[in-house]
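Please keep the sequence and the 3D view at hand while reading.

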Amino acid sequence: MHPAFREFIGENALSIDLINIAPLDDLHHPKAMIKEAQVLAAEAFGADHTFFSVQGTSGAIMAMIMATCSPGDKIIVPRNVHKSIMSAIIFAGAVPIFIHPAMDERLGISHGITVKAVQKALETHPDAAALLVINPTYFGIAGDLREIVRTAHNYEIPVLVDEAHGVHIHFHEELPISAMQAGADMAATSVHKLGGSLTQTSILNVREGLVDVDRVKTVMSMLTTTSTSYIFLASLDMARQHLALNGHLLAEQAMQLANKARDMINEIPRIHCVGREILGTAATFAMDPTKLLIHVRDLGITGWEVENWLRDKYNIEVEMSDLYNILCFITAGDTEESIKTLVNALRDLSVEFAHAQAEDKPTISLPNIPMLSTTPRNAFYSETETIPLVEAAGRVITEFIMVYPPGIPIFLPGEVITEENIAYILENIRVGLPVQGPEDETLKTIKVVKRQTAISG
């Protein structure tokens with residue numbers, strides 16, 4: 001190993017960078033300490049079984065879907081899902097049945113799905129193999145998950161939960177309820193995002209009953225490297241212990257800091273930090289106050305401009321930005337000082353852009369969800385041709401286009417391209433947001449299903 005890297009990373013880390021020899025157990029067939037660690041994790045998260053993922057939450061999400069869906073099976077999903085969910089649907093050959101998430105026109109974001117929308121989808125598709133729910137959303141908003149689960153279970157349909165941003169919610173009663181608390185059947189839960197483990201480590205929580213646990217094990221193994229990192233596994237185990245013993249205190253500290261920051265931010269002219277006033281609709285049943293969703297539209301600039309301003313002027317890195325907002329995560333790792341730095345920076349921002357007039361404000365618009373013309377798998381594997389994006393209206397796309405983060409697709413393979421969505425993409429590109437997905441990284445061209453021409457005799 002390069003001596004400089006060895007010195008930097010340290011002997012302790014390298015001393016546990018091992019392989020799955022017999023005394024160290026094997027993640028693919030755990031019988032000793034890895035099995036014990038996963039049993040303890042299941043106990044901590046209220047699951048019947050917990051599987052460690054060294055392929056991130058994306059790997060756990062793929063395992064959930066591929067363990068419950070066979071080719072041709074329907075899966076009910078919100079349209080604002082992460083790209084890993086759609087990738088899994090392509091791999092599984094499943095047919096997505098989209099539920100429109102509730103849209104917040106004031107903030108320019110999408111929330112979760114409602115019980116009413118779930119009931120309607122289940123009535124129309126009672127033969128669905130699974131229902132997938134996001135809990136909470138990237139912005140910390142949760143629907144009535146317990147009632148959604150109860151509704152799906154009336155049809156004996158398992159509920160899969162993307163809990164990428166909710167590892168901590170299980171450990172405090174004032175946070176939205178977790179997937180396992182709500183009675184969900186599986187949850188892909190990111191430990192590395194907010195639970196203190198190393199990047200790329202997550203867990204898959206499973207409840208027995210509507211899910212074949214042995215099939216879940218098989219699919220997890222199929223999707224997992226045989227060279228599993230013991231550094232990763234150890235960090236997951238220690239994060240579990242820290243959450244189990246101190247999770248309530250850690251969440252309490254983060255909430256107190258976040259609420260203090262929210263109050264101070266809301267005293268700043270033209271800047272609004274979303275709070276409990278957002279609750280009360282069918283899609284906004286609960287919220288995670290540690291997520292600071294800061295609306296900057298009234299400053300007459302975009303969230304992307306605010307993100308770059310904060311980085312350049314204050315060395316502050318936000319979680320994400322979009323056309324209208326920035327998102328900041330507050331954790332127990334934050335301090336009064338880090339909160340003060342953020343608030344002071346936003347005060348300066350408000351002063352610097354105090355000249356902006358109301359007519360300078362960007363207009364909030366959210367594009368309609370495109371129509372799905374064919375299954376994502378069929379589109380992904382179809383014969384394609386490359387055409388200019390600006391001329392693509394009416395064609396069927398074979399690629400993903402998304403703003404990342406958060407990785408929610410504007411277009412999915414199989415959807416019909418519209419002028420409205422092209423305009424939305426171009427607006428995001430114009431203001432500098434990270435639009436990505438197509439093979440052509442300039443986004444000048446995209447791949448669409450090739451038009452078949454008749455063969456003349």
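His272 stands opposite His295 in β13. The model is predicted: local features need pLDDT of at least 70 and side-chain atom pairs count only at pLDDT 80 or more, whereas totals for chains, interfaces and linings use all residues. Residues are numbered from 1 along each chain as its sequence is written, and side-chain values use heavy atoms, with hydrogens and water left out.

**Pairing of strands**

- Strand β11 (residues 272-273) pairs with β13 in the antiparallel sense over two bridges; strands are DSSP runs of E of at least two residues, helices runs of H or I of at least four, both numbered from the N terminus.
- Strand β15 (residues 325-329) runs antiparallel to β13 and is joined to it by five bridges; two strands pair if DSSP finds at least two bridges between them.
- Leu292 has Cys328 in β15 as its bridge partner.

**Burial of β13**

- Five of the five residues of β13 (residues 291-295) are buried, so the strand is largely enclosed by the rest of the structure.
- Buried means under 20% relative accessible area, exposed over 50%, and partly exposed in between (1.4 Å probe, protein chains only).
- Lys291, Leu293 and His295 point one way from β13, while Leu292 and Ile294 point the other way.

**Helix α9**

- Val213, Val216, Val219 and Met220 are buried in helix α9 (residues 213-222).
- Seen down the axis of α9, its buried residues fall within an arc of 120 degrees (taken from the directions from the helix axis to the C-beta atoms), so they line one face of the helix.
- Asp214 and Met222, on the other side of α9, are exposed.
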